[in-house]
Amino acid sequence: MSKKKILVTPKSFSKARDKAYELLKDIDAEIMENNTGRTYTEEEMENLCKDVDGVIVGIDPMNERVLRSARHLKAISKYGAGLDNIDLNTAQEMGIKVDRAVATNATSVAELAVGFMFTMSRYIVPSAICVKQGGWDRSIGRELTDKTVGIVGLGAIGREVARMTQGLGMKILAYDPYFNDKRTIEKYDISMVDLEELFKKSDFITLHSPLTDETENMINKETLSMMKHTAYLINTSRGGLINEEDLYNALVVGTIAGAAQDVFSKEPAGNHKLLSLDNFILTPHIGAFTKEATERMVVQSTKNLINMLE
Ligand code: NAD
């Protein structure tokens, strides 16, 4: 039997590569890692996937064009949870198996989302910048205790946010049309509400649903206008959930107090006008970029790929 060819695209895979190679030693495989230090383009993916049997993929595009060119591809193992960069219909039609590394990065992403709550409500970033510039200005902050957090999407990450914010003494509202695990709802004292109630009552809204046709642009002029003027928006999910033009206008006129994102419609974000605003924070997709999550993602995505190829 000829050697299996495996493409590995995530940039952080190398951080725990030894663990993957240990698992892969039992299958006769040639492994191609991404040493470019960036996400591959569609054109690169089309060329790289041409004769591979399996892919461990990050956020690189696996759209119809890429999949159609991958004539030997049998399995796609997502290094993480969000499958929005993979054309699932075409994969199914072509008989390509797809799996994802469920819950491997949930704690890391949830900690970042909660970190954003502290960062914005205590003005940590502008305060630290002010001091480095020789100033000593203080902005009066607000406590998180007794405030209301609205969690959109109660999957692996949303549930971790619930666990952490309950510990902080926050009141928890959540919206997830596909979630009805009563034990979790009781354990974290979550009130399941509709989106309108969540937008109107929350002091912090944190997005943890996948990017789908249903969720694309769910944060827009209309939904932003339902929010409290003092409320903060947090997006560690996908940039496409937010209409960035509408968010910009809302932040400029003070419809809401601030927003923090770890993801953007186009990454890197370049010099988008949102970045000029003091009440907007963007981090470079670091949600899952911790030692612990990286190790779990490397191991789980490798195991998933081996299972699918067997
Ligand atoms: P998950 O699949 O465990 O949970 C997603 C939840 O969203 C599910 O409970 C689902 O029912 C719910 N959902 C689906 N449609 C919805 C809708 N219309 N409204 C509200 N909820 C809806 O996934 P997860 O591991 O919790 O990850 C969530 C998302 O976070 C991923 O899809 C991905 O886009 C993003 N993510 C980002 C990073 C990062 O580095 N910033 C890392 C991991 C995941």
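**Note on the ligand site and the main nonpolar core**

1. A backbone N or O atom of alanine 288 lies 3.3 Å from an oxygen atom of the ligand, which is a polar contact in the sense of a pair of N or O atoms within 3.5 Å. The model is predicted: local features need pLDDT of at least 70, side-chain atom pairs count only at pLDDT 80 or more, and totals for chains, interfaces and linings use all residues. Residues are numbered from 1 along each chain as its sequence is written, and side-chain values use heavy atoms, without hydrogens and water.

2. The side chain of aspartate 176 has an N or O atom 2.7 Å from a ligand oxygen atom, while a polar side-chain atom of aspartate 262 lies 2.9 Å from a ligand nitrogen atom. On its own the ligand has 860 Å² of accessible area, of which the protein covers 90% (Shrake-Rupley method, 1.4 Å probe).

3. The largest nonpolar core has 47 residues (buried Ala, Val, Leu, Ile, Met, Phe, Trp, Tyr and Cys residues joined through side-chain atoms within 4.5 Å; buried means under 20% relative accessible area, with a 1.4 Å probe and protein chains only). Ile6, Met117, Ile151, Ile190 and Phe204 have the most contacts inside this core.

Methods
A polar contact is a pair of N or O atoms within 3.5 Å; within protein, one must be able to donate a hydrogen and the other to accept it, and residues adjacent in sequence count only if both atoms are side-chain atoms. Buried means under 20% relative accessible area, exposed over 50%, partly exposed in between (1.4 Å probe, protein chains only).
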